[in-house]
Amino acid sequence: LDNVRGSSKQGTEFVEDNILDSVTADIGAVHLNFGDCAINELHQMTFTLTNHSSTDPYRFSWGSVPNITFVPNTGHLHPRCSKDIIAEFKAGEPVSFQNQAIPCKVGKIT
């Protein structure tokens, strides 16, 4: 993952310490920290998936986690190409995530 960056708005009610882990054998452990988030407001963080292979294309697919979505959710990465991914968090009530695993399947396309 490259270029992890995020943005959020300040509000009066917050969701505390939303630190998310995505763990796979292919991309390792990655931490997304949304910080304190206002209730019922969309918070986004953008990062880049990069295929460093010079020959092999890969497919990725994010698992389902309440209050969190990834755009795009699935896709292909051609050799030596990158794709920006938007992680979106929105909760209707206070929740807290500490080291929440978010599965991302990554596999070589044959």
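Strands here are DSSP runs of E with at least two residues, numbered from the N terminus. Two strands pair if DSSP finds at least two bridges between them. The model is predicted: local features need pLDDT of at least 70, side-chain atom pairs count only at pLDDT 80 or more, and totals for chains, interfaces and linings use all residues. Residues are numbered from 1 along each chain as its sequence is written, and side-chain values use heavy atoms, without hydrogens and water.

**View A. An open sheet of 3 strands.** The strand order is β9-β7-β12, and the pairing is antiparallel. β9 (74-77) and β12 (104-108) form the edges, each pairing on one side only. On average, neighbouring strands are turned by 20° against each other, direction ignored. These angles come from axes, lines fitted to C-alpha atoms, and run from 0 to 180 degrees between N-to-C directions.

**View B. Strand β7 beside β9.** β7 covers residues 58-62. Its antiparallel link to β9 consists of 4 bridges. Arg 59 stands opposite His 76 of β9.

View C. Pro 72 sits in the loop between β8 (68-71) and β9.

**View D. Asn 40, a non-glycine residue with positive phi.** Its phi is about 60°. Asn 40 lies in the loop between β5 (37-38) and β6 (43-50).

**View E. Asn 67 in the loop between β7 and β8.** Asn 67 is not a glycine, yet its phi is positive, near 75°. Asn 67 counts as partly exposed because its relative accessibility is 30%. Buried means under 20% relative accessible area, exposed over 50%, and partly exposed in between (1.4 Å probe, protein chains only).
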